[in-house]
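Dear colleague,

Please find below the structure that I am handing over to you.

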Amino acid sequence: MKYDKIGAVIVAGGLSSRMKDFKPLLNIGSKTMIETTIENYQNIGIKNIVAVTGHRADDIEKKLADCNVQTVRNHDYKNTHMFDSICIGLKELKNNVDMIFVTPSDSPFVQKHTLKKMIEEMENNSLKIVQPSYEGNNGHPILLSSEAVREILKHDGTNGLQGAIDNIVTGYRNMSFADPGIVMDADTPLDFFKLVEYNKKRNVPSIELCIKILDYFKVTEEVKSHSYAVAMESLKICEQLREREINLDQMTVLAAALLHDVAKGCKGHSFIGADWLNDMGYEEIAKIVYNHVKLENIPEILTEKEVVYLADKMVKGSNLVSIEDRFLAKENFYKCNEEILGNIREKKNMAISLYEAVFGC
């Protein structure tokens, strides 16, 4: 997906005084914070990106030399504020794009899903400003329309960007997401440590975050109960496999089981759910969700994907049932449609084969 008329301003002009280190160039994983932040926007196809530098501008510009971004300096960074750097970036982009994301360089983990939904909301509702929040706390990035940019550039700087936003009385929308990255930055060393910890675990959502994701997508209580039951059976299957020295990642299994029906009610719910989760950064979970309805084959060594598939076929509603019972109603309903009936029986036979592979009977 490409957004040719959308830009991003990455602000990296400050002294990082509270951090006691230069945070744009601190590494999280294999990349610096500012590189990761920039990639968030490049990964959804945004090419018009301006990084506003100040302190250690030469070092940042050298690091970003191959990142296909424009850099512009706030030469008076010692005597000005973050809002001044924002305005420098906005002026560089205002004539080239219709919308501009604004974010500090130390906000590296916002999800693709969040960015896409913010763009969609602004496009569909002719808004001036869209700001994301997580658990009731506003965060970054902020998305500005070209009209909002013009108004912000007229602001006298009182209370910074928030003061400018407060002066825009119409066209503001706050959007809540199940995205912790919205409120994570590195103002202090402790904040940075939390970012490092989050990065280590962010490919698999915690149980608490899984529940927030289910709520965000308005999953019904009935579907939640089914998902909880599937998660319980998935863990039991993992224990069975562990006895045979097949050690799977329980947290991956648990998260995938809880989220396998996140798009239930949508046509092609396994594909749609996988797409949502992939955009949220949970690629491995998305693959399992994609395959939970139908498996192509059974590997010699079972993986997390087969565990969730089998557990789902052992649970009807929130109750543990036989695989025969799980498929009986559908077989009866489609008994006159040979094509659909054949597909149902293929899934059932796959589940039976998996059950025998796990339990040996």
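The model is predicted, so local features need pLDDT of at least 70 and side-chain atom pairs count only at pLDDT 80 or more, whereas totals for chains, interfaces and linings use all residues. Residues are numbered from 1 along each chain as its sequence is written, and side-chain values use heavy atoms, with hydrogens and water left out.

Cysteines. With a disulfide defined as a pair of cysteine sulfur atoms within 2.5 Å, the count is 0. C238 takes part in none, and its nearest cysteine sulfur, in C210, lies 14 Å away. For C266 the closest cysteine sulfur is also that of C210, at 18 Å, which is too far for a bond. C238 is buried, at 2% relative accessibility, while C266 is partly exposed, at 33%. Here buried means under 20% relative accessible area, exposed over 50%, and partly exposed in between (1.4 Å probe, protein chains only).

Helix α11. This helix spans residues 269-279 and includes S270; helices are DSSP runs of H or I with at least four residues, numbered from the N terminus. Its buried residues are H269, S270, G273, A274, W276, L277 and D279, and they pack against α4 (112-125), α8 (207-216), α10 (250-259) and α12 (283-290). S270 has 5% relative accessibility. Beyond its neighbours within four places in sequence, S270 is in contact (heavy atoms within 4.5 Å) with V289, Y290, H292 and V293. Just after α11, G281 adopts a positive phi of about 95°.

With kind regards

Key. Helices (H or I, at least four residues) and strands (E, at least two) are DSSP runs, numbered from the N terminus.
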